[in-house]
Amino acid sequence: MENHKITRIRVQTTTSNQIEVKNLSHAYQTRRALDSVSFSVSCGEIFGLLGPNGSGKTTLFRILSTLMPVTSGTVCVLGHDLTTEVKAVRSLLGVVFQHPGLDGKLTVVENLRHHGHLYGLAGKSLRYRISELLERFGVADRAKERVELLSGGLQRRVEIAKAMLHSPRILLLDEPTSGLDVVGRRQLNDYLGALADTENILVLLTTHLLDDAEVCNRVGVLDAGKLVALGEPDELKAQVSGDVVLIECIDNEVLCAEMTERFDVSPVLTDNLLRVECERGHEFVRDLVAAFPDEIQSVRFGKPTLEDVFTKLTGNPFF
């Protein structure tokens, strides 16, 4: 399948075509998993919640998918209050969880047929819908195979087809590319992009993979329950000036002081590496190695990534 270029979609933002989260908090006894999180997502948009393990992604996903109640703050889903209109919200959602929800001993068609029955679908209309979705997601030729015989990437496609059976307006995906190889991740992201573009569906996914976040229209970055950044990937990366240089050395404290005095920079120690933001990184690296050849063990530099954004905003490595 050819790579699908995701279009930056601008739609009229009203409560009837948005998820609106305002001051959402959630605690497990004394641990605060979410802390006054606020954002909105519109139909036709792919929105990624990016963060390391323990950042609050799973809790937020479980609340949005109606598995956990709203205990503090408000969530409005396409005009419906998640606190008081849970049943109405559920009818709008298609949900794909991180752990597979397919029965491996059943065929692809059997899995979709049983799921369709749960939503009151049957007969000719259900058969047509199954056929349509399997064709769209490129698994029509595997319809009569047992799911356990499919690759991880194909199983993910079937999972999404299952979630789309009842024509939801919102597709929620928890770590959708987890466990897939590079090709599988790329293909799945292409399918999601096409889905959002052609059907004006709101796609919201959680991920700890930076490549997945890069293809989203917008990204919300979570850390320790707080939303620390929100915007288009390129906008977020623009917050980091110039190039990012990472230095491994014999003595971080000594080299940090020497670099500050010699080059008038402000190194930050992150994950046992000295990190410097600077213009014309290749020239800085050349001068740095020339100045301290015996103290530097390795050095690398490159353009800012979303990982650099996370590190700049939190002071912590992304892992």
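What we have here is a predicted model, where local features need pLDDT of at least 70, side-chain atom pairs count only at pLDDT 80 or more, and totals for chains, interfaces and linings use all residues. Residues are numbered from 1 along each chain as its sequence is written, and side-chain values use heavy atoms, with hydrogens and water left out.

Okay, back to the question. H1 is followed by Thr66, and its phi is positive, near 70 degrees. Buried means under 20% relative accessible area, exposed means over 50%, and partly exposed is in between, using a 1.4 Å probe and protein chains only. The buried ones in H1 are Lys57, Thr59, Leu60, Phe61, Ile63 and Leu64.

Next up, salt bridges. Side chains of opposite charge can pair when their charged atoms come close. The cut-off here is a side-chain nitrogen of Lys or Arg within 4 Å of a carboxyl oxygen of Asp or Glu. Searching the whole structure turns up 19 of them.

Glu277 and Lys312 meet through their side chains at 3.5 Å, N to O. Glu277 sits in strand S13 (residues 273-278) and Lys312 in helix H11 (residues 306-314), 35 residues apart. Glu277 counts as partly exposed because its relative accessibility is 22%, and Lys312 is partly exposed too, at 40%.

Then there's Arg286 with Asp287, whose closest N and O atoms are 3.1 Å apart. Arg286 has a relative accessible area of 52%, so it's exposed, while Asp287, at 34%, is partly exposed. Elsewhere, salt bridges with shared partners tie Arg129, Glu132, Arg136 and Glu199 into one network.

Last stop: what does Thr314 touch, not counting residues up to four places away in sequence? Asp223 and Val228, where contact means heavy atoms within 4.5 Å. Thr314 lies in helix H11, and its side chain reaches the backbone oxygen of Phe310 at 2.8 Å.

Definitions and conventions:
Helix = DSSP H or I, 4+ residues; strand = E, 2+ residues; numbered from the N terminus. Polar contact = N/O pair within 3.5 Å; in protein donor to acceptor, adjacent residues only side chain to side chain.
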